[in-house]
Each structure stands twice: as structure tokens, then as C-alpha cells.
Amino acid sequence: MKIPSLQEVLKEGQIVVPDVFDGISTRAAEVLGCRAGRLSASALTHTVHGTPDEGTLSTTEMVWSLYRMVEDNCNIPLIAEVRSGFSDNLRIMPYDLERVVKAGAAALLLDDRAFGCGSDSEEVVLVSPEVFARKVEIAVEAASNTDCMVLARSYSQDPDDAIARCKLARQAGAEFVGAACMHIESDAVRFAQEIPGEKLWSDLTVANDEPEVTADKLKELGYNLVFITFMEKAAWFGDMDFGVKNFANGNTVYADLHDFDGYLRAADGSLTDYHVIFSYWKKWMPLEKRFEDLSELGADAYQEV
């Protein structure tokens, strides 16, 4: 099955895009009905490499993960969070970003944090607006002659500065722009007034036990890409929930009989193996069945010991 481009999916309307970081979370997003996923550099760093996210994820690490998911695991477009472009050295960025495009990224999500600045860094360090715009130009060139889109997001904490940076990014060729400092509806309105055209919302957030803005309201304002973060936290909770109960019981009854709140129940009520929900099952298992039986080749297919 050919994975649709992000442009094709966007024609159907607003996309709420969850964070993904491995084969299970990517497949979960697809099964949930999500029409795209964001390959989170932060979650990839935490879950796959087991280190704090200080913005130093390498191109090779991103490319390897992206390629495996696109090639074998999912049927939805993946937005690759390339952040700084893996470097502040503009000479090597074209090569690095082109590798991500070739690995199957549906879009490059670039931001203005300096290389070495991530979600766990003590301080948010930004490159200059001019360097940010140049990085966007490099990303546009790396994605040229492909379906890969270029998205830009500013991490400036000053709304005026963030808007100015997004305007430069748009001029440099970014197809969607957004700012991480925008959280509430009034922020969304102001940003929309300042920046026409396609916009992205950096993350749906909560304050005082209530959503600060809803995806529906953002849709009204022209935010057709909305990022939502929950997969990494959900994976941790699932591990702890199953672990606590299994170890307390001294067996695996809880885990083995868990039906994902009915999702794993077949029409006849029987419990199905959760492995069957993975895309790779559809591809690899038929191949194994096709080639493991050599009997039709006759006795010459086997060599006597």
C-alpha cells in the first residue's frame, strides 16, 4: 500500500497529529484513525536511545528509525522533527536533510533552536532569525522535486519575535509555520491575524484542568496541522500498569487477558493476538509462509547431510 503524501491527506481537512517514536506507537496512531504522525525527536531520544533530550539526536539515528517505520510498519505520512537540522553548520545541513527526505519523510519540521538545545536543556538557545530563514531555505532545497513538505516552528518566548521569525520562515519557503509560545485562543487569533496562509499549532496544552484551546477552534482559525503529545507518556503508563499488576500477582494473567478495552475482541467474543494489528504482520508473515515450504521444488531442494 502506497503511503499518501501529507498534501493528499491535508486535502481532507485539518489533521491532529500525535507524537510517535517507534513501530508500536506509529502503528497505534494509524489504528486510532490518525491520518499522520510526527516522529518526535525528543521521544525518540528518550525511548530508543535512553538519554536526555538535549538536541543532539544524529541524522543517522533519525534516518534509521524513519526508514524502518515507513518501509515496513505504517500506512500514514510521517512528519520528521528535524529541529535544528542536526547542525548549526550550514554547509553540512543539505546533505543531512536530504538523507531524511530520502528515508521517506512526508515533511521536515524545522525549528530555530540551536543544535544542542532540546526539551531537557536548561536554557532555550535560539539561532538568529536570519540563520533560521537560511536553514528553511536549505530544507526547501533538500525537499525539492519530492512530495516532502517543509514546516517551520519558532521557539522564541517573545510572541512578537516569534511572529517575526515565522514571517521570515514563510518568506524562505516554509509551507506551514507556527510558534511554540502560543497556547491559548487569543494567541491563536493574534498569530492568525499576523500570518495568513497555512499554519501549524505547536502542541495542544492544558491549564487549570481545561484545554487551553481546542482543535475545532484552531480549525476555524486556519490551523490545519495541530500537534498533540501523549504517546510517550502513554507507553510509560502501559508498562507500569502491566508491570505492577503482573508482579503483584506473580503471573501474567492480567497482561495476557487484557483486551485493550474490547478492541482485541473478535466478532465471536474471542481474544485475538495483539500482534496482528501490526502492519509488518501483513507483509512479512505471508512471505515467510510462501518461502518456508520448499517441498514443491522436489528432492533436489534438500541436500543430504
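Biologist: Why is Ser-121 called buried?

Modeller: Its relative accessible area is 17%, and buried means under 20% (exposed is over 50%, partly exposed in between, with a 1.4 Å probe and protein chains only), so Ser-121 counts as buried. Mind you, this is a predicted model, where local features need pLDDT of at least 70, side-chain atom pairs count only at pLDDT 80 or more, and totals for chains, interfaces and linings use all residues. Residues are numbered from 1 along each chain as its sequence is written, and side-chain values use heavy atoms, leaving out hydrogens and water.

Biologist: Where is Ser-121, and what is Ser-121 in contact with?

Modeller: Ser-121 sits in the loop between β4 (107-111) and α6 (129-142). Skipping neighbours within four places in sequence, Ser-121 is in contact (heavy atoms within 4.5 Å) with Asp-53, Glu-54 and Gly-116. Its side chain also reaches the backbone nitrogen of Gly-118 at 2.8 Å.

Biologist: What makes α6 roughly parallel to α7?

Modeller: α6 and α7 (residues 159-171) pack at about 30 degrees, with axes 8 Å apart. Angles under 35 degrees count as roughly parallel, over 145 as roughly antiparallel, 65 to 115 as roughly perpendicular and the rest as oblique, so α6 is roughly parallel to α7.

Note on methods. Helix = DSSP H or I, 4+ residues; strand = E, 2+ residues; numbered from the N terminus. Polar contact = N/O pair within 3.5 Å; in protein donor to acceptor, adjacent residues only side chain to side chain. Axes fitted to C-alpha atoms, helices over the stretch in contact; angles between N-to-C directions.
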